[in-house]
Amino acid sequence: MVPSFRKFIGMVLLVVFVVVYAFTAMVIGDLTLQQSSNLVRFAYFAIAGLIWVIPAGAIIWWMEKSGKNRT
(Lines give C-alpha, C1' and ligand atoms only; values in the text may rest on other atoms or scores of the structure.)
Protein backbone atom coordinates (compact mmCIF):
# COMPACT_ATOMS: atom_id res chain seq x y z
CA MET A 1 0.00 0.00 0.00
CA VAL A 2 1.29 3.46 -0.87
CA PRO A 3 2.42 5.28 2.31
CA SER A 4 0.44 8.46 1.55
CA PHE A 5 -2.74 6.43 1.02
CA ARG A 6 -2.06 4.51 4.23
CA LYS A 7 -1.72 7.79 6.12
CA PHE A 8 -4.96 9.10 4.62
CA ILE A 9 -6.87 5.96 5.66
CA GLY A 10 -5.26 6.11 9.11
CA MET A 11 -6.18 9.76 9.54
CA VAL A 12 -9.82 9.07 8.66
CA LEU A 13 -9.92 6.03 10.97
CA LEU A 14 -8.36 8.03 13.79
CA VAL A 15 -10.82 10.91 13.52
CA VAL A 16 -13.83 8.57 13.32
CA PHE A 17 -12.54 6.46 16.21
CA VAL A 18 -11.92 9.44 18.51
CA VAL A 19 -15.35 10.94 17.84
CA VAL A 20 -17.19 7.63 18.33
CA TYR A 21 -15.13 6.76 21.41
CA ALA A 22 -15.67 10.14 23.05
CA PHE A 23 -19.42 10.01 22.43
CA THR A 24 -19.68 6.42 23.69
CA ALA A 25 -17.63 7.10 26.85
CA MET A 26 -19.69 10.20 27.56
CA VAL A 27 -23.02 8.39 27.17
CA ILE A 28 -21.91 5.39 29.26
CA GLY A 29 -20.60 7.67 31.98
CA ASP A 30 -23.72 9.80 32.02
CA LEU A 31 -26.16 6.88 32.06
CA THR A 32 -24.40 4.68 34.60
CA LEU A 33 -22.82 7.17 37.01
CA GLN A 34 -25.71 9.52 37.76
CA GLN A 35 -26.01 8.33 41.37
CA SER A 36 -22.27 7.93 41.97
CA SER A 37 -20.04 10.20 43.98
CA ASN A 38 -17.94 12.89 42.37
CA LEU A 39 -14.77 10.90 43.04
CA VAL A 40 -16.10 7.87 41.13
CA ARG A 41 -17.19 10.07 38.23
CA PHE A 42 -13.81 11.80 38.16
CA ALA A 43 -11.99 8.45 38.15
CA TYR A 44 -14.19 7.08 35.34
CA PHE A 45 -13.75 10.10 33.10
CA ALA A 46 -10.02 10.30 33.85
CA ILE A 47 -9.53 6.66 32.86
CA ALA A 48 -11.88 6.92 29.87
CA GLY A 49 -10.09 10.09 28.81
CA LEU A 50 -6.73 8.34 28.74
CA ILE A 51 -7.54 4.85 27.47
CA TRP A 52 -8.25 5.96 23.89
CA VAL A 53 -4.51 6.45 23.48
CA ILE A 54 -3.86 2.69 23.16
CA PRO A 55 -5.96 2.04 20.02
CA ALA A 56 -5.01 5.45 18.59
CA GLY A 57 -1.36 4.51 19.03
CA ALA A 58 -1.97 1.27 17.17
CA ILE A 59 -3.54 3.19 14.28
CA ILE A 60 -0.62 5.63 14.19
CA TRP A 61 1.86 2.73 14.31
CA TRP A 62 0.09 1.16 11.33
CA MET A 63 0.16 4.48 9.46
CA GLU A 64 3.90 4.87 9.97
CA LYS A 65 4.77 1.24 9.23
CA SER A 66 6.95 0.90 6.18
CA GLY A 67 5.34 -0.61 3.11
CA LYS A 68 8.64 -2.20 2.02
CA ASN A 69 9.62 -5.80 2.77
CA ARG A 70 12.44 -5.97 5.30
CA THR A 71 15.09 -8.64 4.77
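The questions and answers below concern this chain.

This is a predicted model, in which local features need pLDDT of at least 70 and side-chain atom pairs count only at pLDDT 80 or more, while totals for chains, interfaces and linings use all residues. Residues are numbered from 1 along each chain as its sequence is written, and side-chain values use heavy atoms, with hydrogens and water left out.

Q: What makes up the chain in terms of helices and strands?
A: The chain has 3 helices and 0 strands, and its elements run α-α-α from the N terminus. Helices (H or I, at least four residues) and strands (E, at least two) are DSSP runs, numbered from the N terminus.

Q: Why is the chain called more spread out than a compact globule?
A: Its radius of gyration is 17 Å, well over the 11 Å that the globule rule gives for 71 residues, so the chain is more spread out than a compact globule. The radius is taken over C-alpha atoms, and the rule is 2.2 Å times the number of residues to the power 0.38. The C-alpha atoms fill a box of roughly 55 × 20 × 10 Å along the principal axes.

Q: Why is Leu 14 called buried?
A: Buried means under 20% relative accessible area, exposed over 50%, and partly exposed in between (1.4 Å probe, protein chains only). Leu 14 has a relative accessible area of 19%, so the residue is buried.

Q: Why does Gly 10 count as buried?
A: Gly 10 counts as buried because its relative accessibility is 0%. Not counting residues up to four places away in sequence, Gly 10 touches Ile 59, Trp 62 and Met 63. The C-alpha atoms of Gly 10 and Ile 59 are separated by 6.2 Å, although the two residues are 49 apart along the chain. Both Gly 10 and Leu 14 are among the buried residues of helix 1, whose cover includes helix 2 (38-51) and helix 3.

Q: What makes Lys 7 and Glu 64 a salt bridge?
A: A salt bridge is a side-chain nitrogen of Lys or Arg within 4 Å of a carboxyl oxygen of Asp or Glu. The closest N and O atoms of Lys 7 and Glu 64 are 3.9 Å apart. The pair links distant parts of the chain, with Lys 7 in helix 1 (residues 3-32) and Glu 64 in helix 3 (residues 53-64), 57 residues apart. By this rule the count comes to 1 salt bridge.

Q: Why is Met 11 called partly exposed?
A: Met 11, in helix 1, counts as partly exposed because its relative accessibility is 44%.

Technical notes. Contact = heavy atoms within 4.5 Å.
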